[in-house]
Amino acid sequence: MKKEELIFDENYVGTLTVQRVSKYYGESAEIKALDEVSLQLFAGQFVVILGASGSGKSTLLNLVGGMDTVSDGTINIAGVDITSLSEKMFAKYRREVVGFIFQFYNLMPNLTALENVELSVLPGGMLAEEALEKVGLSERKNNFPSELSGGEQQRVSIARAIVKNPKVLLCDEPTGALDSKTGKMIIKLLMDINKNKDKIIVVVTHNSAIAEVADRVIKLSDGKIVSDVFQKNPKLIEEIDL
């Protein structure tokens, strides 16, 4: 039997559409984490989603990334409605289409930097060594996480996310555990990855300073979008203080 594939629109231009998406929790759906959120994201934009704890920003990220399922609404990427995928295809979407970067790295402590990245290598994709080179860690590839600084560990997690060349790169508080200098280095690295304009890159954070360098800033409050601003002249990373 032919292996199942994710068939994207042949005119793929890198768009992701969230249409009236809601997420409820509790037996009687009394907790509304997201309330009919609609937006469209485009490849090449550096998008920051801002919101306080409990605003729904991480819930939205998890739904787009296939880490959770919607209660209502649809999420469509390049002609594929991920909310209607089978469980098998949903897992394939998470594995092949989405790259996740978390605040606390989630590296395997008993594996080297190279081995951690190799966990995400896909057939025909980027080599682990190439991904580590892109994040400037070629000389640290044989070191274990405990031998790396926080910034270096985060760069390993970025290499692990980009090694499969994902269409969607999602970052959940990627600088939250880092000092200002290292945090700016990580944001600069993400912006450099975006230079090819072939990925949908979203950073979720509560840090409003990061929003100053974004092409687009979306603010969430109580599960709703309260503003969506396209910035014509975002600041340079050197001009902000995290």
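In this predicted model, the largest share of the lining of the largest cavity comes from helix H1, which gives three residues. The elements that contribute two or more residues to this lining are strand E2 (31–42) and H1. The space in the largest cavity amounts to about 40 Å³, and a search of the whole structure finds one cavity of 30 Å³ or more.

Helix H1 itself, spanning residues 57–64, is largely enclosed by the rest of the structure, because six of its eight residues are buried. After H1 comes Gly66, which has a positive phi near 75°.

From here the reader can turn to the strands. Strand E1 (residues 15–25) pairs with strand E4 (residues 72–77) in the antiparallel sense, over five bridges, and Leu16 stands opposite Ile77 in E4. Strand E4 is also joined by two bridges to strand E5 (residues 80–81), again in an antiparallel arrangement, with Asp81 in E5 as the bridge partner of Asn76. The hairpin of E4 and E5 has two residues between the strands, and in it Ala78 takes a positive phi near 50°.

Glu173, which is not a glycine, has a positive phi of about 50°, and it lies in the loop between strand E7 (168–172) and helix H6 (180–193). Since buried means under 20% relative accessible area, Glu173 counts as buried at 11% relative accessibility. Lys197, likewise a residue other than glycine, has a positive phi near 60°, and its place is in the loop between H6 and strand E8 (200–205).

Side chains of opposite charge can pair when their charged atoms come close, and the count in this model comes to 12 salt bridges. One of them joins the side chains of Lys188 and Asp192, at 3.1 Å from N to O. Both residues lie in helix H6, four residues apart, which is about one turn of the helix. An α-helix has 3.6 residues a turn, so residues three or four places apart point the same way. Lys188 counts as partly exposed at 32% relative accessibility, and Asp192 is also partly exposed, with a relative accessible area of 29%. The side chain of Asp192 meets that of Lys195 in a salt bridge as well, at 3.5 Å from N to O, and Lys195 counts as exposed at 60% relative accessibility.

Another salt bridge links Glu212 with Lys235, whose closest N and O atoms are 2.6 Å apart. Glu212 lies in the loop between helix H7 (208–211) and strand E9 (216–221), while Lys235 lies in the segment after strand E10 (224–230), so the pair ties together parts that are 23 residues apart in sequence. Glu212 is partly exposed, with a relative accessible area of 28%, and Lys235 is partly exposed at 37%. Finally, Lys32, Asp35 and Lys224 are linked in a network of salt bridges.

Key. Residues numbered from 1 in each chain as written. Predicted model: local features only at pLDDT ≥ 70, side-chain atom pairs only at ≥ 80, totals over all residues. Heavy atoms only, no water. Buried < 20%, exposed > 50% of the residue type's maximum accessible area, 1.4 Å probe, protein only. Pairing = 2+ DSSP bridges. 1 Å grid on protein atoms, 1.4 Å probe; cavity = no way out; pocket = protein on both sides within 12 Å on 5 of 7 lines; lining within 4 Å. Points joined across faces, edges and corners; volume = space filled by probe spheres on them. Salt bridge = Lys/Arg side-chain N within 4 Å of Asp/Glu carboxyl O.
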